[in-house]
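Dear colleague,

Please find the structure below, together with a summary of what was found in it.

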Amino acid sequence: MNPFLAWTGGKRWLVKVAPELLDIPFHGRYIEPFLGGGSFFYSIKPAYSILGDSNRDLIITYNAIKNYHKEVVRLLKFHHNNHSKSYYYLVRDQIFKDDLEIAAQFIYLNRTCFNSIYRVNLKGKFNVPIGTKNKVIQDNDKWDEWSKALQSSKLVWGDFEQLVDESTDGDLLFLDPPYTVRHNNNGFIKYNEILFSWADQERLAKAANRARKRGVKIIITNANHESIRELYCNDFSVKEISRYSSIAANSVNRNRYEELIITCNI
Ligand SMILES: C[S@@+](CC[C@H](N)C(=O)[O-])C[C@H]1O[C@@H](n2cnc3c(N)ncnc32)[C@H](O)[C@@H]1O
């Protein structure tokens with residue numbers, strides 16, 4: 001099932017190039033502390049899950065879809081019918097207090113802003129300009145299913161470390177952090193460094209290592225960079241992957257493999 005949000009760094013493609021990741025057996029909970037668009041969650045559809053993100057409005061939106069999706073869709077239809085350039089900026093600059101309105105605003109902006117980017121200014125206000133897409137309500141929307149899949153999920157707003165530390169033997173932990181590397185000249189990764197520093201990347205590796213020792217099954221995705229390999233080289237299996245091909249242990253052309261799949265206890 002495709003997710004209801006389009007998300008920068010989203011892993012919609014991952015299940016296509018590495019479908020075996022969906023077949024990993026586990027008898028505990030599915031835990032995803034960097035939820036974003038939740039594409040892996042919606043593909044795996046686990047029986048029990050804990051989903052988290054540091055983006056407060058994102059978690060409010062998932063909670064609203066879980067508990068009141070019909071009301072959210074009603075508000076979304078209103079946005080759909082009124083969508084125009086001036087209406088977009090009016091909605092973008094409004095500060096809502098009600099969770100249903102926050103959720104409808106979040107999904108409306110995600111579906112109509114430039115390239116579905118999520119970016120905020122220094123005051124934490126969403127500041128992405130309008131994009132070219134104008135279909136807020138889409139033919140392939142599956143609101144009932146998106147809501148149903150969340151019924152046995154606990155949604156947590158906050159930093160990843162608390163959820164990683166909560167994982168125990170038998171759980172499956174899926175970690176898809178913003179990509180940052182120790183030194184780089186990549187503009188996209190540089191922007192991420194404001195959101196997720198190298199120190200956060202090291203903190204994540206330490207937390208993942210603690211979870212590994214508890215017997216948790218772990219999948220991590222990250223940039224294909226020497227500094228990331230060094231973080232995980234000892235106790236994890238590290239494979240290169242390209243969104244254009246399947247997992248390759250020995251790449252002929254290293255540049256083609258732009259991401260890493262890091263696993264353990266699997
Ligand atoms: C690469 S995205 C995840 C994409 C997601 N897997 C998907 O398929 O759409 C990374 C997410 O991590 C969140 N994030 C950033 N820093 C975080 C932190 N310290 N703790 C928890 N979540 C964080 C961001 O808000 C963003 O949603």
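The second largest pocket holds about 250 Å³ of space. A pocket here is an open set of points on a 1 Å grid over the protein atoms alone, with protein on both sides within 12 Å along at least five of seven lines; a volume is the space filled by probe spheres set on the points, which are joined across faces, edges and corners. This pocket is lined by 16 residues, and P3, F4, R12, R111 and Q138 lie nearest its centre. Lining residues have an atom within 4 Å of a point. By class, the lining has 6 nonpolar, 5 polar and 5 charged residues (Ala, Val, Leu, Ile, Met, Phe, Trp, Tyr, Cys and Pro count as nonpolar, Asp, Glu, Lys and Arg as charged, and the others, Gly among them, as polar).

The model is predicted: local features need pLDDT of at least 70 and side-chain atom pairs count only at pLDDT 80 or more, whereas totals for chains, interfaces and linings use all residues. Residues are numbered from 1 along each chain as its sequence is written, and side-chain values use heavy atoms, with hydrogens and water left out.

The mean pLDDT of the protein chain is 91, and 91% of its residues reach 70 or more (pLDDT is the predictor's confidence in each residue, from 0 to 100). Over residues 246-254, however, the pLDDT is below 50, and beyond near neighbours in sequence this stretch has 17 contacts in the model (heavy atoms within 4.5 Å). Where pLDDT is low, the predicted coordinates should not be read in detail.

Around the ligand there are 22 residues, of which K11, G37, S39, D53 and D176 are the closest (a residue counts if one of its heavy atoms lies within 4 Å). Among the polar contacts (pairs of N or O atoms within 3.5 Å), a polar backbone atom of G37 is 2.8 Å from an oxygen atom of the ligand. For S39, a polar side-chain atom lies 2.7 Å from a ligand oxygen atom, and for D159 a polar side-chain atom lies 2.9 Å from a ligand nitrogen atom.

D159 also belongs to the lining of the largest cavity, as do P33, G52, D53, V156, G158, F160, Q162 and L163. A cavity is a set of grid points where a 1.4 Å probe fits but cannot get out. The volume of this cavity is about 30 Å³.

Yours sincerely

Note on methods. A polar contact is a pair of N or O atoms within 3.5 Å; within protein, one must be able to donate a hydrogen and the other to accept it, and residues adjacent in sequence count only if both atoms are side-chain atoms.
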